[in-house]
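Hi,

Here is the structure I promised to pass on. Have a look at it first, and then read on for what turned up.

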Amino acid sequence: MKRSNERINTKKFKKHILCIGAGYVGGATMAVIAARCPQYLVIVVDINQEKVKRWQSDNLPIYEPGLLDVVKSARGKNLFYSAAIEENIRKADIIFVSVNTPTKLFGEGAGKTADLQYWEKTARDILRVSESDKIIVEKSTLPVRTASAMERILNSNDKGIHFEVVSNPEFLAEGSAINDLENPDRVLIGAQQTEEGQNACREIVEIYENWVPRERIITSNIWSSELSKLVANAFLAQRISSINSISALCEKTEADIGEVAHAVGKDSRIGEKFLNASVGFGGSCFKKDILNLVYICESYGLSEVAEYWERVVSINEYQESRFVQTINKALFNTIANKRIALFGFAFKANTGDTRESPAIYITKKLLEERACVVITDPKAIENARLELEGLDGNLEFQADPYQAAVNAHAIAVVTEWEAYKTLDYQSIFQHMEKPPFIFDGRNILDHRKLFEIGFNVYPLGKHPLSHL
Ligand code: NAD
Ligand code: UGA
């Protein structure tokens, strides 16, 4: 099927939307917008041509449950993928910018603030080739007050073109992106309080109104919108670090983290969501966004506030290293030459994404201790290989979890894949070195049953079940 946009009849569409950046956010968001708004033409562009080709095929560049069906429902009708960035900028009325904004690794703010080079390059591309007024939508997560910097760059033109920058941060979580986009808790749109700003805001509201109830579409000033995105992630991550810190205390006191989380979460003011203790939070956003917030606080001289949020990240690092220490200690204080099977490498279930996955740190630490690490994951093996490229040590990748466990001394569950709950652990037990260990970094397995099979079981934040 021809999916280039060369011969699209643009006249039959109400507006021409362009999205720059065909990643997790741009790819999923635009698919849902196109599917829900057939009256808009939606073009998605990326500098990575390989990625563009994959969006044009059924072998999408990301794994996200339900995404392919949504893409297929609109692709070729009002949804197109292209590598022709400049041509599409020229034709667009509304441009969503959803390029990556990783943590800056050099110079001022290194290790904390956002690296805005991709974002700024996009702004300059837009400025260079545009021939008409446009609304620019910040979809990427950006430090507060980035929009004003962008407006200054964009409106410094002498072509008489006006660019209105609007903030519309994305709150989807990977693994549930389609549901999050189709039934969002809220959509947030921040705009300048000027007439042009409010007109642009209305245009973006109009898109979402096609499927999101109006009361869930929040409008605010542009700075509140930018800051709310960082704060939402910081609050979510803070819950995980809070419960993870208590998992360490449970292990010392024989309290049970599951029981504690259940009892605490029953208070509706606290709530049950996001209270699952884990090996630590991963993903491309929590750490980078908290550090970004820390940097902003520091730059405004708010060192106490900065330190407070920085601790959320340190507790996460503590939790990852605690997991490795538990493995080492249980295996008689030496894991050199012992085979350890990591069940899961993705940063969470239902995604192949491995960015900032706790599995990366865990693997590196195990290799430093000279363990033989075998990695298995239903969707993330390809990314795991890239993530660990060039590492010295005894490392193996194995798609089949049963094979990964053969002759292993221990299994460490790192990702909460549903499939790991229903494996035949009796058969796994038979093929492992004795005494066999299971470290459940997600507390998803039936610990009592595993113990009865003969495993030494180390859940997180619970008393271990050991035969030794
Ligand atoms: P990603 O790395 O998956 O995708 C970004 C894409 O932008 C890449 O494909 C890259 O090739 C492309 N790109 C970079 N510079 C470009 C340029 N100048 N022109 C054209 N394409 C360019 O990133 P992502 O996970 O989709 O995140 C994008 C933004 O959304 C980030 O700011 C992130 O913090 C935010 N966000 C991410 C999530 C998530 O779950 N991943 C959720 C909410 C918000
Ligand atoms: C998170 C937010 O949930 C989204 O709202 C936000 O849009 C996104 O970041 C972003 O800005 O990128 P995501 O990182 O995709 O989404 O995934 P989450 O479901 O939030 O999980 C993050 C990490 O926390 C995972 O490693 C997960 O396993 C861990 N987690 C989550 C726990 O350890 N315990 C929990 O109870 C919940």
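The shell around ligand 1 is made up of 11 nonpolar, 11 polar and 5 charged residues (Ala, Val, Leu, Ile, Met, Phe, Trp, Tyr, Cys and Pro count as nonpolar, Asp, Glu, Lys and Arg as charged, and the others, Gly among them, as polar). Of the 27 residues around ligand 1, those that come nearest are Gly21, Gly23, Val25, Ser140 and Thr141; a residue is near a molecule if its C-beta atom, placed from the backbone, lies within 6 Å of it. Helix H1 (24–36) and helix H5 (117–129) are the elements that give two or more residues to this shell (helices, H or I with at least four residues, and strands, E with at least two, are DSSP runs numbered from the N terminus).

A word on conventions: this is a predicted model, in which local features need pLDDT of at least 70 and side-chain atom pairs count only at pLDDT 80 or more, while totals for chains, interfaces and linings use all residues. Residues are numbered from 1 along each chain as its sequence is written, and chains are lettered from A and ligands numbered from 1 in the order in which they are written.

On to ligand 2, which has 20 residues around it, with Asn276, Ser278, Phe281, Gly283 and Cys285 coming nearest. By class they divide into 11 nonpolar, 6 polar and 3 charged. H9 gives the most to this shell, with 3 residues. Both domain 1 (10–212) and domain 2 (229–468) supply at least three residues to the shell around ligand 2; the domain bounds come from an automatic or database domain assignment.

How do the two domains sit together? Their C-alpha centres lie 33 Å apart, and 19 residues of domain 1 are in contact with 19 residues of domain 2 (contact means C-beta atoms, placed from the backbone, within 7 Å). The side of domain 1 that touches domain 2 has 10 nonpolar, 6 polar and 3 charged residues.

Helix H6 (residues 146–154) may interest you too. Thr146, Ala147, Met150 and Leu154 are buried there, with 20 or more other C-beta atoms within 10 Å of their own, all placed from the backbone. These four lie on the same side of H6, because they cover an arc of only 95° around the axis, taken from the directions from the helix axis to the C-beta atoms. Their cover includes H5, strand S5 (134–138), strand S6 (163–167) and helix H9 (222–253).

Best wishes

Notes. Contact = placed C-beta atoms within 7 Å. Buried ≥ 20, exposed ≤ 12 C-beta atoms within 10 Å, placed from the backbone.
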